[in-house]
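Hello,

Here is the structure I promised to pass on. My notes on it follow below; please read them with the model open.

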Amino acid sequence: MLVYHLPGTFQTRETDLDSLWEAGATGLEERAGAIRVYFDERVPLPDSVSDGEWREEADQDWQAEFRRTLRPVRADRVTIVAPWQRGEVEPGQLPLVIEPGMAFGTGHHATTRLAVEALSALELGTRGPGGTGARVLDVGTGSGVLALAAALLGARFAFGVDIDPVTVPIARENAEINGVPASQVRFEEGTLGLDALTFPEEGVDAYDVVVANLYAELHDLLAGEYAAHLVPGGDLILTGILTGKLELVREALAREGFGDVRETVDGEWALVTARLPQ
């Protein structure tokens, strides 16, 4: 079996994952701080992943091994599971079924779990106009896990946007798996600055909550856009932040006038929440 060992994690090497699939990878697995990329044969790889190493290993069913080692993730009121783990959700928990695949966001990374926990703490079902449910914008939606979690937690409408066209059909498929209707959650390819992200005909002229699992430098660039899409008093949830880059995010939020800034740290990763003034 031919395996390309790449240092890092799905989160830290997210920008490289598409190029690996395009190069002919048959599977990706994160294990012990490295990414194992499976190929049928040795192929040319882009310079961005040249720090990896080719290895010949004994043949094994990596998909079976992946299924064996994957575990449900409990994030406050939500338990994130793969389709074959539905029966492992404890009574009283909200099951969120995510098909592990090409789009980032299976729920097993600390940043995703932190974001779902933050969404759960906001009582989304009582937010929004008239307390009918929050309107949530998920920036860099990937597999759609955060938008879908918001919907399960009571959001009236959740919109997931991503620059990667591969993610959109995967996110829509995950919505179908979870029985979340298109009237409650929508996924589109696009960016914050260039595309229309509101739906006035559906009462979504701004968002009560913006959540983004990206990285610190991008949060810095997008902080103004986050503020522009939030209602006064709206909540911002940012994750994908390495603790060493927290100061960059703090400065960006201060620059855009956010207040009530709070931080949660899990190992090398951090989540930051903030609120736009009324």
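The buried residues of α7 are covered by elements that include α6, β12 (230-242), β13 (259-266) and β14 (269-275). Helices here are DSSP runs of H or I with at least four residues, strands are E runs of at least two, and both are numbered from the N terminus. This is a predicted model: local features need pLDDT of at least 70, side-chain atom pairs count only at pLDDT 80 or more, and totals for chains, interfaces and linings use all residues. Residues are numbered from 1 along each chain as its sequence is written, and side-chain values use heavy atoms, with hydrogens and water left out.

**Helix α7**

α7 spans residues 246-255, and its buried residues are Leu246, Val249, Ala252 and Leu253. Buried means under 20% relative accessible area, exposed over 50%, and partly exposed in between (1.4 Å probe, protein chains only). Viewed down the axis of α7, these buried residues fall within an arc of 125 degrees, so they line one face of the helix. The arc is taken from the directions from the helix axis to the C-beta atoms. An α-helix has 3.6 residues a turn, so residues three or four places apart point the same way. Just after α7, glycine 257 has a positive phi of about 85 degrees.

**α6 against α7**

The two helices pack at an angle of about 5 degrees, and their axes are 9 Å apart. Axes are lines fitted to C-alpha atoms, for helices over the stretch in contact; angles run from 0 to 180 degrees between N-to-C directions. α6 and α7 are therefore roughly parallel. The cut-offs: under 35 degrees is roughly parallel, over 145 roughly antiparallel, 65 to 115 roughly perpendicular, and the rest oblique.

From α6, Ala216, Glu217, His219, Asp220 and Ala223 meet Leu248, Val249, Ala252 and Arg255 of α7. By class, this contact has 5 nonpolar, 1 polar and 3 charged residues. Ala, Val, Leu, Ile, Met, Phe, Trp, Tyr, Cys and Pro count as nonpolar; Asp, Glu, Lys and Arg count as charged; the others, Gly among them, count as polar. Contact means heavy atoms within 4.5 Å.

Histidine 219 lies in α6 (residues 216-229). Histidine 219 counts as buried because its relative accessibility is 1%. Leaving aside residues up to four places away in sequence, histidine 219 touches Ala212, Leu214, Tyr226, Leu238, Thr239, Ile241 and Val249.

**The β5-β6-β7 sheet**

3 strands form an open sheet in the order β5-β6-β7, with mixed pairing. Two strands pair if DSSP finds at least two bridges between them. β5 (73-75) and β7 (94-97) are the edge strands, each pairing on one side only. Neighbouring strands are turned by 25 degrees against each other on average, direction ignored.

β5 and β6 (residues 78-81) pair antiparallel over 3 bridges. Alanine 75 stands opposite valine 78, and arginine 74 stands opposite threonine 79. The hairpin of β5 and β6 has 2 residues between the strands, and aspartate 76 in the turn has a positive phi of about 60 degrees. β6 and β7 run parallel, joined by 4 bridges. Valine 81 has valine 97 of β7 as its bridge partner.

Both faces of β6 are covered: Val78 and Ile80 are buried on one side, Thr79 and Val81 on the other.

β2 (residues 27-31) and β3 (residues 34-39) run antiparallel, joined by 5 bridges. Glutamate 30 has isoleucine 35 as its bridge partner in β3.

Best regards
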